[in-house]
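Welcome! Please take a moment to look over the sequence and the 3D structure, and then follow along as we walk through the model together.

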Amino acid sequence: MTGRRLTRSTLLPRLLPRPVRTGALAAGAVVACASLAAGCGVVPGVSGGSGDDTITVMTWAPQDTRATNKPGMPALAQAYARWINSRGGINGRRINVLTCNEKNDNVTAARCARRAVQEHAVAVVGSYSQHTDSFMPTLEGAGIPYIGGYGITTDEFTSPLSYPVNGGQPTLLAGLGRTLADTCGPVALVRPDTIAGDQLPPLLDSGLKAGGHALSGDQRAAEDATAYGGQAQRALQRTTTDPAEQGCVVPALGDRTNTFMDSFRRARADYPEVRTATVLGSVDQTTIDASGGASGPYEGSYVTGWYPAASDARWNPMKKVIKQEAFGDNRIDAADAGVQTTWIAYTVFEQVVESIGDGEVSADTVSEALDGGLEVTTGGLTPTLRWKFQDELAAVGFPRLVNANVTLQVVKDGRLVAAREGFTDVTKTLRDADPA
């Protein structure tokens, strides 16, 4: 989540008409080919583009940047491909996974999308990028579905070719706000000073308001800073105004959350006790361990997530694949929300291809299967997923948000454990949100 701030907020939904399924797709391919200055003999999305039974997909994510990095997502995608191909593929079709380093950069994100078109990818699966403005038009023009994006931008919940598997930042923040409304005094949110960061305050506030709580204090911060002393002090000043009520500080800075907590640890000694809370993606078990475990600043923190805790047995199939196909690959952390999202996204893709049977697997047939009412199960990691053109949350600008469930976890004795059994549906909370 880097780069200069743009004028248009990603919160403004861009509800595009569904691409026409015949001539328009071919026309989009011609335009894409021209822009790539490359010859194209087939419509983008045809299986493999070479006449064989190989299915090409792409997974991208930022790596080696100064802000949020998700190297485990493309690494898991490659491990999945090795695993599924060792079993004969899906319906006898091998999977070819292309990866791209998105670099937290809008130009590079657009380049990744153009490569997906050029390489005839039938889908982009399990990827992370905040630059949907840069890549989504390219995918839409070629009719390539975007399955299981991380959920970092609103466009992922508005594009007719986006098929999210979780509720993204909207559900995490709304669910966290609803929890904090019952347990906290004043609340301060520390978030990136970026377009994606602009989404966070109204979403957290929707949960606070649902619980009858006052709105949070919004603290903007550079997402690639090396220290956050000023933000920590301002957050503590706001949350300690009432000695009768323990305040809560909510850092939501992605990979820089731990940097903030280092500054916060030093600053909090001069203030009354406050509680911290955040969302998965900003903290995981590795982060908690590195910060001191039970004696660290996260002890007692509430953390909202999309999926069951990493220790849940429902993750065992994914862990088995990681052990079998990526043992020793330290890029892949089974507790990372990006890795988990990628696993679920490929679970969805596998069932889509199975539903097509012996028919042609193309970008067109993949999206048609998803739009045709296909119900996808994920072994209990999410509710059954089914995408409609206009779902329950269309009225508040999220027509593609089909999974509004979150889990609540807490750091106890240095371990991230379930604070509440099962999922909590925040659909009603989001319906009452005002993201404008």
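**A guided walk through the model**

Let us begin with helix H13, where Ala363, Asp364, Thr365, Val366, Ser367, Ala369 and Leu370 are buried. Here buried means under 20% relative accessible area, exposed means over 50%, and partly exposed is in between, using a 1.4 Å probe and protein chains only. Seven of the nine residues of H13 are buried, so the helix is mostly covered. Helices (H or I, at least four residues) and strands (E, at least two) are DSSP runs, numbered from the N terminus. Just after H13 comes Gly373, with a positive phi of about 95°.

Before going on, a word on what you are looking at. This is a predicted model, in which local features need pLDDT of at least 70 and side-chain atom pairs count only at pLDDT 80 or more, while totals for chains, interfaces and linings use all residues. Residues are numbered from 1 along each chain as its sequence is written, and side-chain values use heavy atoms, with hydrogens and water left out.

H13 also leads us to a pair of charged side chains. Arg400 forms a salt bridge with Asp371, with the closest N and O atoms 3.6 Å apart. A salt bridge is counted when a side-chain nitrogen of Lys or Arg is within 4 Å of a carboxyl oxygen of Asp or Glu. Asp371 belongs to H13 and Arg400 to the loop between H13 (363–371) and strand S11 (405–412), so the bridge ties together parts that are 29 residues apart in sequence. Arg400 is buried, at a relative accessible area of 1%, whereas Asp371 is partly exposed at 29%.

By this rule, the count is 11 salt bridges. One of them joins Asp193 and Arg220, whose closest N and O atoms are 4.0 Å apart. This pair links distant parts of the chain, 27 residues apart: Asp193 sits in the loop between strand S6 (187–192) and helix H6 (195–198), and Arg220 in strand S7 (residues 217–221). Asp193 is partly exposed at 30% relative accessibility, and Arg220 is partly exposed at 44%. Glu273 and Arg268 also meet in a salt bridge, at 3.3 Å from N to O. In that pair Glu273 is exposed, with 56% relative accessibility, but Arg268 is buried, with 18%. Elsewhere, Arg191, Asp198 and Asp218 are linked in a network of salt bridges.

Now for the nonpolar side chains. In soluble globular proteins, such side chains tend to be buried together. A nonpolar core is a set of buried Ala, Val, Leu, Ile, Met, Phe, Trp, Tyr and Cys residues joined through side-chain atoms within 4.5 Å. The largest one here has 107 residues, and Leu180, Trp343 and Phe349 touch the most other members. Helix H12 (residues 337–356) supplies the largest share of this core, 11 residues. Where does the core lie in relation to domain 1 and domain 2? Both domain 1 (54–166 + 312–403) and domain 2 (170–305) give residues to the core, so it lies between them; the domain bounds come from an automatic or database domain assignment.

Contact here means heavy atoms within 4.5 Å. Another core lies apart from the largest one and has 18 residues, among them Met58, Trp60, Ile144 and Tyr146.

Thr179 is found in helix H5 (residues 168–181) and is buried, with a relative accessible area of 10%. Leaving aside neighbours within four places in sequence, Thr179 is in contact with Tyr302, Leu408 and Arg420.

Asp64, in the loop between strand S1 (55–61) and H2, has a positive phi of about 60° although it is not a glycine. Asp64 is exposed, at 75% relative accessibility. Asn91 lies in the loop between H2 and strand S2 (95–101); its phi is near 55°, a positive value in a residue other than glycine. Asn91 is partly exposed, with a relative accessible area of 40%.
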